[in-house]
Amino acid sequence: MTAASLTACGSVADHPSASSSPTVATTPLNPFEQQRYDGVTALLDQLSSTLRNGDRRGLSELIDPAATVEFRHRLDAVAADFASAPVGKPLKLKEFRYRVAPQTGPEHLLEPDFEAKLEAAGASDSWVTPVDLDYALGGASSPGLDEPTVTLHQSLTFARYGDDWKVVGDGGLAPDPSQASRENPKAPEVGPWAFPGLSANDVRTSGGTSTVLCYRGAEKTAAQVAEILPAAVDEVSKFWGDDWVRRIAVISTADGAQFSGLTRTVPVDTSAAAAATVYTMIDRQNQQVVGQRIVLTPAARALSKPALAVVIRHELTHVASRLNTAENAPLWLTEGVPEYVGRKGTYRDFVDAAPELAAAVAAGDVPKALPSDGSFSVDSDAARIAYQEAWSFAAFVGQRFGEEKLKKMYIGVGKGGDTSTTDDAMKDALGADKSTVVADWQAWLRTQVRR
């Protein structure tokens with residue numbers, strides 16, 4: 001998946017090439033700013049603890065009376081997710097802490113009428129400031145899933161009453177004029193607690209504790225994922241090796257709003273898609289992927305358990321190969337190899353794995369080239385056959401050259417680059433140039449259909 005369009009499966013990243021947090025120059029705070037900072041920091045510490053402990057009653061004491069009903073409900077829903085779960089256990093976070101973030105631009109001011117409303121209620125100051133939320137999922141138990149800290153960025157509005165501060169709302173109460181000119185602003189990244197009815201279940205996989213999260217209505221799928229996951233991790237390791245985390249968070253969604261929110265995509269028809277992998281950033285310095293999850297679409301609930309297992313193995317191959325996959329790597333590679341790993345051992349005849357492609361080849365319509373990236377879009381009629389073509393090419397390479405060379409081809413071509421660079425990588429891995437390999441694949445397709 002890309003940030004712009006949903007495919008049948010893939011990945012979304014916030015800052016895919018980032019390696020560390022940016023360095024921010026700071027200057028000492030004056031006494032007024034220091035009081036603001038200290039007061040709001042104390043409030044954020046309370047807010048973090050209150051939400052994390054599911055203390056809905058204590059939460060109401062931290063919210064300003066001027067806060068909107070929507071904002072109150074949003075925070076209350078977060079506390080409710082941590083307090084209890086419809087089925088299974090509530091999520092226990094390994095880490096969850098709000099903190100004041102550096103302010104790099106001018107301070108944003110509230111509308112005068114709203115400011116006057118706060119003053120009339122006794123507020124002596126208000127502050128709209130960037131706030132970061134550092135979290136790590138954990139799972140149904142503590143410490144649970146071992147993952148790097150994820151940082152979510154937002155802005156919040158606060159009001160001061162004597163020595164105490166209260167949270168009034170998000171930064172939208174003082175909109176940033178510079179954002180208004182952006183035609184397609186990116187949706188903010190959210191945690192799974194952003195939607196009500198969250199449950200968690202820990203699963204032991206070969207890399208440690210994995211966790212399966214779900215929302216009300218997706219419990220059956222989540223239970224099947226928990227059964228599938230340990231063996232699926234091991235199957236991916238048989239192909240990729242053990243040099244990956246071998247643990248993951250899987251989130252089973254029950255509606256389109258949950259899926260689009262967690263994947264930061266525009267809501268679209270996902271009936272033809274089953275899942276996506278998402279991540280916040282790649283930390284090259286520490287060779288780790290931050291915030292990586294598998295998010296299942298609502299349509300995944302209609303899959304049989306064997307079909308769901310194919311999806312999970314496919315997505316886990318994305319997880320295993322993430323550090324070796326450049327943003328501009330071709331989709332015939334980055335979707336074809338996961339399809340190969342996902343489907344391995346699940347079919348007897350070629351037509352079972354690629355029915356549309358088999359019909360096309362039988363009719364004399366043999367692919368003239370490897371599928372282009374554009375043909376993988378889920379809203380394209382060509383998507384199903386593109387995935388089948390990509391799978392068949394990986395299956396051909398695996399059969400003709402062996403899985404070790406298939407993986408070597410993935411690592412080489414997965415580095416991306418211009419056409420000649422990727423073609424050279426294929427030749428280096430397989431010992432034959434691309435035109436020869438593609439021609440042999442086309443001949444192989446004809447033999448598969450004649451069987």
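In the predicted model, strands β3 (125–136) and β4 (150–161) pair in the antiparallel sense over 11 bridges; strands, like helices, are DSSP runs numbered from the N terminus (strands E, at least two residues; helices H or I, at least four), and two strands count as paired if DSSP finds at least two bridges between them. Within this pairing, Asp 125 has Arg 160 of β4 as its bridge partner. Residues are numbered from 1 along each chain as its sequence is written. Because the model is predicted, local features need pLDDT of at least 70 and side-chain atom pairs count only at pLDDT 80 or more, whereas totals for chains, interfaces and linings use all residues; side-chain values use heavy atoms, with hydrogens and water left out.

Strand β4 also pairs with β5, the two running antiparallel and joined by six bridges. Two residues lie between the strands in the hairpin of β4 and β5, where Gly 162 adopts a positive phi near 65 degrees. On the β2 side, β2 and β3 are likewise antiparallel, with six bridges between them, and the bridge partner of Phe 96 is Tyr 135 in β3.

Together these strands form an open sheet of four, in the order β2-β3-β4-β5, with antiparallel pairing. From one strand to the next, the twist averages 40 degrees. In a regular strand, side chains alternate between the two faces of the sheet.

Several helices are placed against these strands. Helix α1 (residues 31–52) lies across β2, β3, β4 and β5 and runs at about 160 degrees to β2. Helix α3 (residues 69–83) lies across β2, β4 and β5, at about 105 degrees to β5. For these angles, axes are lines fitted to C-alpha atoms, for helices over the stretch in contact, and angles run from 0 to 180 degrees between N-to-C directions.

Helix α4 (residues 112–120) has Phe 114, Glu 115 and Leu 118 buried, that is, under 20% relative accessible area, with exposed meaning over 50% and partly exposed in between (1.4 Å probe, protein chains only). Seen down the helix axis, the buried residues of α4 fall within an arc of 100 degrees, so they line one face; the arc is that of the directions from the helix axis to the C-beta atoms. These buried residues pack against β3, β4 and β5 (164–170), contact meaning heavy atoms within 4.5 Å. Pro 112, Asp 113 and Ala 120 are exposed on the other side of α4. After the helix comes Gly 122, with a positive phi near 110 degrees.

Elsewhere, helix α5 (residues 219–240) contains Gln 224. Gln 224 is buried, its relative accessible area being 16%. Leaving aside residues up to four places away in sequence, Gln 224 touches Leu 303, Lys 305 and Leu 308.

Over the protein chain as a whole, there are 15 helices and 11 strands. Of its 451 residues, 51% are buried. Among contacts between residues at least 6 apart in sequence, 73% join residues at least 24 apart. The accessible surface of the chain comes to about 20900 Å², 50% of which belongs to carbon and sulfur atoms, as computed by the Shrake-Rupley method with a 1.4 Å probe; for residues, only the protein chains shown count as cover.
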